[in-house]
Every structure is written in C-alpha cells, then in structure tokens.
Amino acid sequence: AARRGWAAAAALLVGVTLALLREGMDHTVRTRAGLQRLLGSAVLGSLPLLRGRWFGVQSPARWVLRAPYSEYSEALRRMHTQLVLADLDTPPRVVLFTSPLPGEGKTSTLLALGRLLAGTGRKVAAVDLNLRKPTLHQAAGLSVDGGLGEWFEAPPEQPLPLRQDPASDLQVLPLGRLSVDPGVLMASKRFEGLLDTLRRDFDVVLLDSSPLLAVVDAQVLACLADVTVLLVRAGRTTRASAAEAHALLARACDEAPRVVLVSG
C-alpha cells in the first residue's frame, strides 16, 4: 500500500512538472487578461471557440447564418457595438481587419460579421484588400471573375465590381487580378475615391487586409480606415508577435487598434 502511495505521489509530481514545463515553453497568447497585461491596454472583446464539426477556418461565416443567436454570433454583435460606442458622435463606418500573421482568423471573422450586420437591413460591403494573397472571395464561395484590380485599370466611369454574397445580403468586392504594385494602388487618387464611394453608398464597410507583420500594407490602410481591429488567435499568436503588431499600428496612425482575442 505504501509502495502504491509513493507511486501515485511520484506520478502526480511528474504530471505537475510537465505541465509547468509546457506552460514555460508556451510563448503564445492564451487569455484575454494575459493579452491585456501584455499590451497595457484594454482588449475590445473575445470570440468563443466553435466546437465540433463547425470548427474550421471558414466555419464562423457559415455558423452565424445557421445560428444567428448563438454565443459566437452574440459575441460578434458585442464586438461591433463596442466599436460604435467608442465614438457615438462619429461612429466608425470603415473598419479594417488585420492580424499579426496569416492563419489567425481575420477573413472568416470579417465575413461572419458582415453577414450578421447585413441580416439586420444595413447596407454592408466586405472589401478584399489583402493585396498579396486575396482569400475573401474563396471564403464567401465566389469565383474569381474580376474585381478591384481590373477596376483600377478601367475607365473612370466603370462601376465598382461588387458581387452578391451567395449566402446573405452582404456585398463583396473581390480583389481580382492586381497588375500594379500595391503601394501604387493605395497611394492613388482613384483608391482614395474608392473609399469615399464606399462610405457614401454603405452603412458599414469592412476591409480585409494583409497580415501586419508580413508586409506594410495594413499600416497604410489603417490610416485610411475609421478604426482598425487587430485579431489575435489564442494558442497560435505569440506574445512577441501580438506586442509588435499592436505597436506598429499605434505608431502608424498615432491611434491604438481595437484588439480582439479569437479562441481556438
């Protein structure tokens, strides 16, 4: 009996030691409280994990249509409400979504929010400004059939090539084929006019950008949008990446981004 007791105590000690080692070796963001301590500022919100067969890179945008009043859908609504409440006098209409690195959920989160808001009767547009690796059209189930790249080189009277989201009332502006340098596009008068047109014609404009630490595009776009949402993926984004991305955005436009923690 004494031998069994010693064996159980040894097993418990080994288990605790391994857990502490794993925690010490884990350099990723895990909790909202930990992220707030790291950044030294409040985190706008957190999005819960989608479990079971709905867990996947594009599942949030499907889930909000299937379960518009689920915990996840309500968390998205709270996130948007917090953005609006931050400035009631001039609530943001053009919202940029970015993340420190690829694969952290920005495109699927943006599409899910766009579909939710479009379902309330508001005019909502989702624009693919991931100028290096566009994925919004794929997430929405749209084929590549022209987009912003082709419009940029078309005559000035050419209308915007907006596409109807197959699953909702959301309007999607794909990137298409971009044949000019992204910097040339973002610095052009025509691009400035594009954002003016979208502000005029839509209640909410959601911009999907490149990952922040990969290229400089998101820093430029952040200064053109009304507000920037920085998505941080729990268990995937490292603390160093989250801190660097937050600092880059704060320096770019002298305004800190709104940070959202994505679980899973």
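Trainee: Which ring does the charged end of lysine 123 sit over?

Mentor: For a charge over a ring, look at the distance to the ring centre and the angle to the ring normal. In this predicted model, the charged end of lysine 123 lies over the ring of phenylalanine 202, 5.5 Å from its centre. Arginine 190 gives another case: its charged end sits over the ring of tryptophan 151, 4.1 Å from the centre.

Trainee: And how many aromatic pairs does the count come to?

Mentor: Zero by the rule used here.

Trainee: On to helices. At roughly what angle do the axes of helix 3 and helix 5 cross?

Mentor: Angles under 35 degrees count as roughly parallel. Helix 3 (residues 59–66) and helix 5 (residues 106–118) cross at roughly 20 degrees, and their axes come within 7 Å. So helix 3 runs roughly parallel to helix 5, and their crossing is right-handed.

Trainee: Which residues in helix 3 and helix 5 meet?

Mentor: From helix 3 you have Pro60, Ala61, Arg62, Val64 and Leu65; facing them in helix 5 are Ser108, Leu111, Ala112, Arg115 and Leu116. By class, that contact has seven nonpolar, one polar and two charged residues.

Trainee: What about helix 2 and helix 11: at what angle do they pack?

Mentor: About 55 degrees, with the axes of helix 2 (residues 32–39) and helix 11 (residues 239–253) 10 Å apart. That angle makes helix 2 oblique to helix 11. The crossing is right-handed. Leu35, Leu38 and Leu39 of helix 2 touch Arg239, Ala242, Ala243 and His246 of helix 11. Sorted by class, the contact between helix 2 and helix 11 has five nonpolar, one polar and one charged residues.

Technical notes. Residues numbered from 1 in each chain as written. Predicted model: local features only at pLDDT ≥ 70, side-chain atom pairs only at ≥ 80, totals over all residues. Heavy atoms only, no water. Phe/Tyr/Trp six-rings, centres within 6.5 Å; stacked < 30°, edge-to-face > 60°. Lys NZ or Arg CZ within 6 Å of the ring centre and 35° of its normal. Axes fitted to C-alpha atoms, helices over the stretch in contact; angles between N-to-C directions. Helix = DSSP H or I, 4+ residues; strand = E, 2+ residues; numbered from the N terminus. Parallel < 35°, antiparallel > 145°, perpendicular 65-115°, else oblique. Left-handed = near helix turned anticlockwise from the far one by under 90°. Contact = heavy atoms within 4.5 Å. Nonpolar A, V, L, I, M, F, W, Y, C, P; charged D, E, K, R; others polar.
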